[in-house]
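Here's a quick briefing for anyone meeting this structure for the first time. Have a look at the model first, then read on.

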Amino acid sequence: MDHSGHGMNMDLPPFTLGRGLEFSADPYFLVGCLAALALYGWGVVRLRRRGDGWPVNRIAFFVVGVLSIALVMCTKLNDYGMVMFSVHMVQHMVISMLSPILLLLGAPVTLALRALPVASTRGGTGPRELLLMLLHSRYMKLITHPVFTIPLFIASLYALYFTPLFDFLMGSTPGHLAMMVHFLAVGLVFFWPIMGVDPGPHRPGYLMRMLELFAGMPFHAFFGIALMMASQPMVETYKDPPASLGIDALSDQTWAGGIAWAFSEVPSVLVLIALVFQWYRSDQRIAKRSDRAADRDGDKELAAYNAYLASLQARGQ
């Protein structure tokens with residue numbers, strides 16, 4: 001298998017965290033991360049220049065989300081991930097389950113809708129109108145519906161790793177790049193309606209969002225257990241690791257399974273915290289609206305009662 005397209009040395013020394021975090025950028029992901037930060041920054045600056053605010057916590061979530069992608073794709077973790085199943089699994093879990101949640105908490109779609117210029121003429125089509133058309137399109141309704149997202153989320157594990165497709169994709173730079181982009185895209189469309197921060201065509205209630213979340217997570221755990229319990233290497237790409245690494249293929253696969261199993265809990269906890277917080281804030285807003293409505297009704301009743309007393313006083317006089 002040719003790994004030369006990734007610019008890596010096949011005689012990598014044994015893996016350590018320090019070596020793994022050394023800078024070794026995939027040029028496509030490096031450009032993509034820088035472009036994402038630049039576009040998000042442009043949106044925030046555009047809002048602030050016209051006097052509108054944008055929450056600092058959203059900026060922080062988005063920046064950390066982009067940095068998490070850079071961490072696994074623009075360091076030597078990407079090089080080691082080509083020959084070590086365990087390191088590749090860290091990449092997969094971060095880019096498909098952690099990065100999407102952080103990016104979505106940054107509300108990039110909401111920022112785009114507020115920052116993009118509108119059409120110069122009434123009834124025209126500007127950048128903002130194009131984005132709205134995409135959000136309300138049948139295509140977007142399909143790819144964000146749980147009937148589509150949950151099977152896709154599951155298939156990204158079983159149909160990829162337990163078929164020859166994974167080895168085929170790992171055999172070339174475009175294939176490896178496409179696979180990593182796919183992991184990120186699947187995570188985004190799966191968590192987008194569940195997080196509910198940005199507007200979208202599929203907006204379930206809070207209870208349904210939790211059910212969607214828990215419908216997908218157990219399959220990650222089962223996948224990890226299957227790798228941990230296997231008696232032989234299950235993925236051709238990692239059957240013969242370079243001798244310089246000093247690792248056993250089956251032991252490394254067991255580590256990969258453990259990482260997949262353990263990581264299935266991470267997004268569940270993060271998303272549940274976010275959902276409970278959103279639910280609480282939503283209830284608070286509803287309660288405030290109810291209080292305001294009650295105050296208005298009370299004022300009307302008081303005014304009517306005062307008018308009635310005034311009428312009685314007038315009659316008496």
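What follows covers a surface patch, a helix pair and the salt bridges.

This is a predicted model, where local features need pLDDT of at least 70, side-chain atom pairs count only at pLDDT 80 or more, and totals for chains, interfaces and linings use all residues. Residues are numbered from 1 along each chain as its sequence is written, and side-chain values use heavy atoms, with hydrogens and water left out.

**Nonpolar patch**
- Phe-219, Phe-222, Ile-225, Met-228, Met-229 and Trp-261 make up a nonpolar surface patch, with about 610 Å² of accessible area together.
- To join such a patch, residues need over 30% relative accessible area and no salt bridge, and nonpolar side chains (Val, Leu, Ile, Met, Phe, Trp, Tyr) are joined within 5 Å.

**Helix pair**
- Helix α5 (residues 85-105) packs against helix α11 (residues 173-195) at an angle of about 40°, with the axes 8 Å apart.

**Salt bridges**
- There are three salt bridges, each a side-chain nitrogen of Lys or Arg within 4 Å of a carboxyl oxygen of Asp or Glu.
- Asp-52 pairs with Arg-50 at 2.8 Å, N to O; Asp-52 is partly exposed at 28%, and so is Arg-50 at 44%.
- Asp-79 meets Lys-76 at 3.8 Å, N to O; Asp-79 is buried at 3%, while Lys-76 is partly exposed at 23%.
- Lys-239 meets Glu-236 at 3.4 Å, N to O.

Definitions and conventions:
Patch = residues over 30% accessible without salt bridge, like charges linked within 9 Å, V, L, I, M, F, W, Y side chains within 5 Å. Areas by Shrake-Rupley, 256 points an atom, 1.4 Å probe, with all protein chains shown as cover. Axes fitted to C-alpha atoms, helices over the stretch in contact; angles between N-to-C directions. Helix = DSSP H or I, 4+ residues; strand = E, 2+ residues; numbered from the N terminus. Buried < 20%, exposed > 50% of the residue type's maximum accessible area, 1.4 Å probe, protein only.
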